[in-house]
Amino acid sequence: EQVRNCRAKAGTTNVLEYVDEGVSGEFLDRPALIKLRQDLRDGLITKVICLDPDRLSRNLMNSLIVADEIEKRAELVFVNGDYEKTAEGKLFYQMKGAFSEYEKAKIKERTSSGRRGKARKGKVVKDYHVYGYDYDAELGKLIVNEREAEVVKLIFDLFTSPNSTVKGINGIAHYLTQQGIATKRNANQW
């Protein structure tokens with residue numbers, strides 16, 4: 001949705017897209033952002049369209065650095081409101097960045113607190129998809145999956161008692177694949 005809105009704002013199909021999916025916006029070391037900054041230095045870009053300032057970074061200092069780099073070489077445009085190049089416009093931009101950073105910190109604080117509370121009650125904090133177990137969300141516990149537990153025992157036996165046909169971790173993975181034993185996520189290759 002964010003990309004679609006940015007494309008609409010561009011009003012052209014002659015665009016380069018820089019999308020860091022699944023990478024925290026808190027850091028500058030993001031592959032697409034690094035590429036954007038390099039392309040700016042190389043003069044490939046005349047305009048950068050971004051949904052909102054917090055999409056550049058959820059860290060105010062980093063957001064200001066990136067915005068400054070962009071504005072030295074290209075026009076910076078936001079889908080959700082542009083900021084005038086005035087003292088007031090810059091102040092509003094900085095305030096919005098500070099609020100974004102605060103919001104991220106509060107979300108992190110709340111989720112950490114919730115996880116600690118679950119852990120104190122002896123509950124599993126998150127379903128990590130552990131082979132040999134199923135996660136019971138209602139109980140917040142891992143329950144032994146008997147079928148997978150047999151495979152875990154087999155893996156243990158193969159690892160601790162190597163034989164001439166199955167050796168090491170890779171050998172075990174090949175063996176399980178050849179036997180048609182599915183992984184936790186039902187993949188047919190280990």
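The crossing of helices H2 and H4 is left-handed, a term used where the near helix is turned anticlockwise from the far one by less than a right angle, right-handed being the clockwise case. The model is predicted: local features need pLDDT of at least 70 and side-chain atom pairs count only at pLDDT 80 or more, while totals for chains, interfaces and linings use all residues. Residues are numbered from 1 along each chain as its sequence is written, and side-chain values use heavy atoms, with hydrogens and water left out.

Helix H2 spans residues 31-41 and helix H4 residues 60-73; their axes come within 9 Å and cross at roughly 30 degrees. H2 is therefore roughly parallel to H4. Axes are lines fitted to C-alpha atoms, for helices over the stretch in contact, and angles run from 0 to 180 degrees between N-to-C directions. Angles under 35 degrees count as roughly parallel, over 145 as roughly antiparallel, 65 to 115 as roughly perpendicular and the rest as oblique. On the H2 side, Leu33, Leu36, Arg37, Leu40 and Arg41 meet Ile65, Val66, Glu69, Ile70 and Arg73 of H4, contact meaning heavy atoms within 4.5 Å. By class, this contact of H2 with H4 has six nonpolar, no polar and four charged residues. Ala, Val, Leu, Ile, Met, Phe, Trp, Tyr, Cys and Pro count as nonpolar, Asp, Glu, Lys and Arg as charged, and the others, Gly among them, as polar.

H4 also packs against helix H5 (residues 87-120), at an angle of about 140 degrees and with the axes 9 Å apart. H4 and H5 are thus oblique to each other, and H4 passes H5 in a right-handed crossing. Leu60, Met61, Ser63, Leu64 and Ala67 in H4 meet Tyr93, Gln94, Gly97, Ala98 and Glu101 in H5. The residues of this contact of H4 with H5 divide into six nonpolar, three polar and one charged. Leucine 60, in helix H4, touches Gln94, Gly97, Ala98 and Glu101, residues up to four places away in sequence not being counted. The C-alpha atoms of leucine 60 and methionine 95 are separated by 8.9 Å, the two residues being 35 apart along the chain.

Seven helices and four strands are present in the chain, where helices (H or I, at least four residues) and strands (E, at least two) are DSSP runs numbered from the N terminus. From the N terminus on, the elements run α-α-β-α-α-β-α-β-β-α-α. The radius of gyration of the chain is 25 Å, well over the 16 Å that the globule rule gives for 190 residues, so the chain is more spread out than a compact globule. This radius is taken over C-alpha atoms, and the rule is 2.2 Å times the number of residues to the power 0.38. Along the principal axes, the C-alpha atoms fill a box of roughly 70 × 40 × 25 Å. Buried residues make up 27% of the 190 residues; buried means under 20% relative accessible area, exposed over 50%, and partly exposed in between (1.4 Å probe, protein chains only). Among contacts between residues at least 6 apart in sequence, 49% join residues at least 24 apart.

Asparagine 186 is found in the segment after helix H7 (168-178). Although not a glycine, asparagine 186 has a positive phi of about 65 degrees. Most residues other than glycine have a negative phi. With 63% relative accessibility, asparagine 186 counts as exposed. Asparagine 188 also lies in the segment after H7 and is exposed, with a relative accessible area of 64%. The C-alpha atoms of asparagine 188 and lysine 167, 21 residues apart along the chain, are separated by 20 Å.
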